[in-house]
Amino acid sequence: LFVQASANFLQAAWELDESVDVEENLRHYWSSIPVAMLTLYLSSTGGINWGEPAHPLQAVGMQYFMGFVIYIAFFHFAVLNIIT
């Protein structure tokens with residue numbers, strides 16, 4: 001979901017010459033399925049601050065940003081409470 005949205009945004013941004021900073025962050029965190037899976041894992045387990053990969057998703061669309069925030073909240077409240 002996040003990878004496809006990022007790809008669509010990058011295609012549109014390339015045509016419109018959008019912000020380079022957002023483009024670099026999208027490519028860094030959401031460029032492919034394995035990279036996105038690693039980003040989700042690191043964000044969930046504290047390997048990286050979840051705000052870093054969430055920030056470029058705001059430019060893609062608020063629904064993707066909120067989906068990511070809901071994923072992080074679900075992981076922390078549901079999954080971690082079951083494990084501990």
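Reply: What follows is a set of questions and answers about this model, which is a predicted one.

Me: To begin with the overall layout, what makes up the fold, and how many helices and strands are there?

Reply: The protein has five helices and zero strands, and from the N terminus on its elements run α-α-α-α-α. Of its 84 residues, 31% count as buried, while the protein exposes about 5400 Å², with carbon and sulfur atoms supplying 64% of that area. Among contacts between residues at least 6 apart in sequence, 54% join residues at least 24 apart.

Me: Which residues touch the most other members of the largest nonpolar core?

Reply: That core has 16 residues, and F2, L26, W30, L57 and F68 are the ones that touch the most other members. At least two residues of the core are supplied by each of α1 (2-16), α2 (20-30), α3 (33-45), α4 (51-60) and α5 (62-83).

Me: Why is F68 called buried?

Reply: F68 has a relative accessibility of 0%, and because the limit for buried is under 20%, F68 belongs in that class.

Me: What makes V3 buried, and which residues does V3 contact?

Reply: V3, which is found in helix α1, has a relative accessible area of 17%, and because this lies under the limit of 20%, V3 counts as buried. Leaving aside neighbours within four places in sequence, V3 is in contact with W30, S31, S32, I33 and A36. The C-alpha atoms of V3 and S31 are separated by 6.3 Å, although these residues are 28 apart along the chain.

Me: Is F75 buried or exposed, and how do you know?

Reply: F75, in helix α5, has a relative accessibility of 17%, and since that is under 20%, F75 is classed as buried. F75 and T45 are 30 residues apart in sequence and 9.1 Å apart in space, C-alpha to C-alpha.

Me: Why is L42 called partly exposed?

Reply: The relative accessible area of L42 is 25%; buried would need a value under 20% and exposed a value over 50%, so L42 falls in between and is partly exposed. L42 has its place in helix α3, and, leaving aside neighbours within four places in sequence, L42 is in contact with G47 and I48.

Me: What makes I70 exposed, and which residues make the nonpolar surface patch?

Reply: I70 lies in helix α5 and has a relative accessibility of 55%, and because exposed means over 50%, I70 counts as exposed. M62, M66 and I70 make a nonpolar surface patch of about 300 Å².

Methods: Residues numbered from 1 in each chain as written. Predicted model: local features only at pLDDT ≥ 70, side-chain atom pairs only at ≥ 80, totals over all residues. Heavy atoms only, no water. Core = buried A, V, L, I, M, F, W, Y, C linked by side-chain atoms within 4.5 Å. Buried < 20%, exposed > 50% of the residue type's maximum accessible area, 1.4 Å probe, protein only. Helix = DSSP H or I, 4+ residues; strand = E, 2+ residues; numbered from the N terminus. Contact = heavy atoms within 4.5 Å. Areas by Shrake-Rupley, 256 points an atom, 1.4 Å probe, with all protein chains shown as cover. Patch = residues over 30% accessible without salt bridge, like charges linked within 9 Å, V, L, I, M, F, W, Y side chains within 5 Å. Salt bridge = Lys/Arg side-chain N within 4 Å of Asp/Glu carboxyl O.
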